[in-house]
Amino acid sequence: MSPRNVEKDLLQREQRIHHILDSALETIAVKGIGSVSINDIAAAAGMSIGNMYHYFKSKNEIISEILRRGQTGYGDHVTRIAEQECTALEKLFMLAESWLALENSWAYTILIHTSRLSDASSEEVRKAVTERFTNNLGPVAAVMKQGQQEGLIVSGDPLELAYYFVSLIQGLTLQKMPGAEVPIPARASSIVALFTAKKDH
């Protein structure tokens, strides 16, 4: 097989894996880690069970990969924003706006938290998810510290503020679940205002 064909096959495989993971995310979030089956995931992806096993050995492998890719991608995203040349308030706004704008952010949030609580999750998965979540607070904490130095962000432990900021946004995304959506807008500017230092008059 020529290098071009190998590259094409690898690309097609990656595209199929991406399709499976995207299709599985909301199905797993709604049905629950313990209740969802490989059949449910295959149906959501429009694939046969046999074909599914060419890509993943089990539903747990699928769940682990969704979490790994989602949290790693989010970590890369917040790091890029934290490294931009602008004020901390602008960075916080971009962080909040981008996460709230993600259509399936509610499903990611459910999956992240249920994976840490469900008996169906292995200790290894729970530990990895918690570790990635904690590590991803680092760039946000750096933005909080920058804002404090600029006199724009409220005082307090930057890591603690980052924890509150991320947890608040995740909590709001849960209210966007289709069919149970709370009809109140969640505005990035309002979230950032909660962490903005009050000016002395």
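Where is S118 found? The model is predicted: local features need pLDDT of at least 70, side-chain atom pairs count only at pLDDT 80 or more, and totals for chains, interfaces and linings use all residues. Residues are numbered from 1 along each chain as its sequence is written, and side-chain values use heavy atoms, with hydrogens and water left out.

**View 1. The whole chain is built from nine helices and zero strands.** Helices (H or I, at least four residues) and strands (E, at least two) are DSSP runs, numbered from the N terminus. Read from that end, the order of elements is α-α-α-α-α-α-α-α-α. Along the principal axes, the C-alpha atoms fill a box of roughly 70 × 45 × 30 Å. Of the 201 residues, 38% count as buried, where buried means under 20% relative accessible area, exposed over 50%, and partly exposed in between (1.4 Å probe, protein chains only). Among contacts (heavy atoms within 4.5 Å) with a separation of 6 or more, 67% join residues 24 or more positions apart.

View 2. To their contact, domain 1 gives 16 residues and domain 2 gives 17 residues. The size of an interface is often given as the accessible area lost when the parts come together. Here the two domains bury about 1400 Å² between them, with 81% of it on carbon and sulfur atoms; buried area is the accessible area (1.4 Å probe) that two parts lose on being put together, summed over both. On the domain 1 side, L21, L25 and I33 lose the most area to domain 2, together 46% of what that side buries.

**View 3. A salt bridge joins E14 and R69.** Their closest N and O atoms are 2.7 Å apart, and the count between domain 1 and domain 2 is one salt bridge. The term needs a side-chain nitrogen of Lys or Arg within 4 Å of a carboxyl oxygen of Asp or Glu. Elements giving two or more residues to the side of domain 1 that touches domain 2 are α1 (3-31) and α2 (38-45). Helix α1 supplies the largest share of that side, ten residues.

**View 4. I20 sits in helix α1.** I20 counts as buried because its relative accessible area is 0%. Leaving out residues up to four places away in sequence, I20 touches I41, A45, M47, M52, Y55 and F56. From I20 to N5 the distance is 22 Å, C-alpha to C-alpha, across 15 residues of sequence.

**View 5. S118 lies in the loop between α6 (105-117) and α7 (123-150).** S118 counts as buried because its relative accessibility is 17%. The S118 side chain reaches the backbone nitrogen of A120 at 3.0 Å. Beyond its neighbours within four places in sequence, S118 is in contact with I33, G34 and R126.

Conventions. Polar contact = N/O pair within 3.5 Å; in protein donor to acceptor, adjacent residues only side chain to side chain.
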